[in-house]
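Here is a short briefing on one protein chain.

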Amino acid sequence: MPTRGPAGRPDRGGTLRIARPPASDAETLDPASALSAYEYLGALYNRLVRIGPDGTVAPDLAESWEPDAKATTWTFRLRRGVTFHDGRAFTSADAAYTLRHILDTATASPQAPVLTPLVDPKRLRTPDAHTLVVPLKSPHAEFPSLLTHYNCYVVPDGSARSIGRTGIGTGPFRLESFAAAGPGRVTAYPDHWAGRPVLDAIDFYSVADMQARSNALLAGQVDLLSQTNLDFATARVIAASDRATIARAENAQWYVLPMLTTEKPFTDVRVRQAMKLAYDPEHILKAALQGAGTAGWDNPVPPNDPAHTAAHPAHDPEQARHLLKKAGYERLAVDLYTSSYDPIFTPMALAYQESAGRAGIRIRVKTAAADSYYTQIWMKKPLMATYWYTGRPVDQLLNQVFRGGSSYNETAWADKEFDALLDRARRETDAGRRRELYGQAQALVIERGGAITPMFADRLVGISRKVRGYAEHGFEFDYLRIGLKGA
């Protein structure tokens, strides 16, 4: 299986054809409220800051940023000479408006619960056209990282009512056409501040399922499959074809077996610890992913994140048996729900079943319908399979998915010591000490939390053999440099 896409430089021009999963009729190009349309957002917009390939916060529309001594006020210095697709100059008024739009309850932005505890929209200041000052309600030394989220793309001042249709941004492409859940097209914006993109245009197509998208790639009807993690059988067929091949987005997906800590037997921390010690992550990585990824060892922070800590307990089936006996669950038997929603769910569940069986744990794998999996199973059944895209900064990841009371806390785990660690990390202005605190928080997730994290998976991406310059990590996609050979 190839480890990367075709090498070499693309020719200038041409149209890239991307097949993506279908979305709902409510799909929007308003970044603040978008739950899909990732491909359009990355082509049409920029953020103040983004996540670089090394996992650190990197400049985008903001060239630099700095906190005051206590990290209670952040000042962003903005790029000059940037224009929106309608010719308007980008200024600090647009940056401030974008934050207010996200925080507006009428927008219903998924990022609002993250920013609302920190930012009062009435206190934002724009001392000049190229400076944005963000006073915070409480200190936060990692605040810029929260603006890397895909809901934080910058939109023009006053555009709330129209932006979902117009897609006017500062990105390398501008909108030509868009149909919710349907096809669309963007064309190169020649005045983009970072230079004109290689491509002339990108056509987007909504294609019903993974097999149909794969067939379209093999037939030469599309050039790239987006939001599609191919199963190995399909990936091998594509890699062996004359028209297409496989590229990889390394550690792009974080796979989880969440234990609902409000439901027996997972209310007992000893049972949760036993479920983690019982299985071998390396076995699941090999069985479910053929080694195309990295063992997780129950730490949700990706191994390429600068804040990742590698310390973890060893695989220990005998200790798992001991803990279960102490907890009164010597003959533990539980249902593990999976579905065809993602091609890795069932192989992961079966591999876990086999591995945990060596510790005497009986796992009954139950297959649920894909179309209702995230409404009937997720956060409702005590044990199930799921995944997340990586690319979330460590502060957002730990607060959004593991803090007690968070709406995305899929295990319903609540730990006051853990929450206090996150608060201390936010206030800590010394980078080394802050990393130690995030390391301690990761240790608590591993030791006490309800998330079994067997692995991080490389996303196997189907691309045409004509594609050059493909680069993707987390939610970041390089639209400037991707192109076609022989365009």
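Contact here means heavy atoms within 4.5 Å. The model is predicted. By that contact cut-off, and leaving out residues up to four places away in sequence, Phe 402 touches Trp 254, Pro 300, Leu 397, Asn 409, Trp 413, Phe 418, Val 445 and Ala 451.

**Nonpolar cores**

- In soluble globular proteins, nonpolar side chains tend to be buried together.
- The largest nonpolar core holds 66 residues.
- Met 275, Met 348, Tyr 352, Leu 398, Phe 402, Phe 418 and Met 455 have the most contacts inside this core.
- Helix H10, residues 345-357, gives the most to this core: six residues.
- Another core lies apart from it and has 33 residues, including Ala 34, Ala 43, Leu 44 and Leu 484.

**Largest pocket**

- The largest pocket has a volume of about 1,500 Å³.
- Its lining counts 43 residues.
- Closest to the pocket centre are Leu 35, Tyr 38, Tyr 341, Tyr 374 and Tyr 387.
- Helix H5 (210-218), helix H11 (373-376) and strand E16 (386-389) are the elements that give two or more residues to the lining.
- E16 supplies the largest share of that lining, with four residues.

**Four-stranded sheet**

- Four strands make an open sheet, ordered E4-E5-E7-E6, with antiparallel pairing.
- Strands E4 (62-67) and E6 (125-128) stand at the edges; each has a single partner strand, so one side of each is left without a neighbour in the sheet.
- On average, neighbouring strands of this sheet are turned by 20° against each other, direction ignored.
- E4 and E5 (residues 73-78) run antiparallel and are joined by five bridges.
- Glu 66 has Thr 75 in E5 as its bridge partner.
- Helix H2 (residues 92-103) packs on the sheet and touches E5, E6 and strand E7 (131-135).
- The direction of H2 makes about 30° with that of E7.

**Loop residue Gly 291**

- Gly 291 sits in the loop between helix H8 (281-289) and strand E13 (293-295).
- Is Gly 291 buried, partly exposed or exposed? Its relative accessibility is 41%, so Gly 291 counts as partly exposed; the class runs between the cut-offs of 20% and 50%.
- Setting aside neighbours within four places in sequence, Gly 291 is in contact with Leu 285 and Lys 286.
- Gly 291 and Ala 219 are 72 residues apart along the chain, and their C-alpha atoms are separated by 29 Å.

Methods: Residues are numbered from 1 along each chain as its sequence is written. This is a predicted model: local features need pLDDT of at least 70, side-chain atom pairs count only at pLDDT 80 or more; totals for chains, interfaces and linings use all residues. Side-chain values use heavy atoms; hydrogens and water are left out. Two strands pair if DSSP finds at least two bridges between them. Axes are lines fitted to C-alpha atoms, for helices over the stretch in contact, and angles run from 0 to 180 degrees between N-to-C directions. A nonpolar core is a set of buried Ala, Val, Leu, Ile, Met, Phe, Trp, Tyr and Cys residues joined through side-chain atoms within 4.5 Å. Buried means under 20% relative accessible area, exposed over 50%, partly exposed in between (1.4 Å probe, protein chains only). On a 1 Å grid over the protein atoms alone, a cavity is a set of points where a 1.4 Å probe fits but cannot get out, and a pocket is an open set with protein on both sides within 12 Å along at least five of seven lines; lining residues have an atom within 4 Å of a point. Grid points are joined across faces, edges and corners, and a volume is the space filled by probe spheres set on the points.
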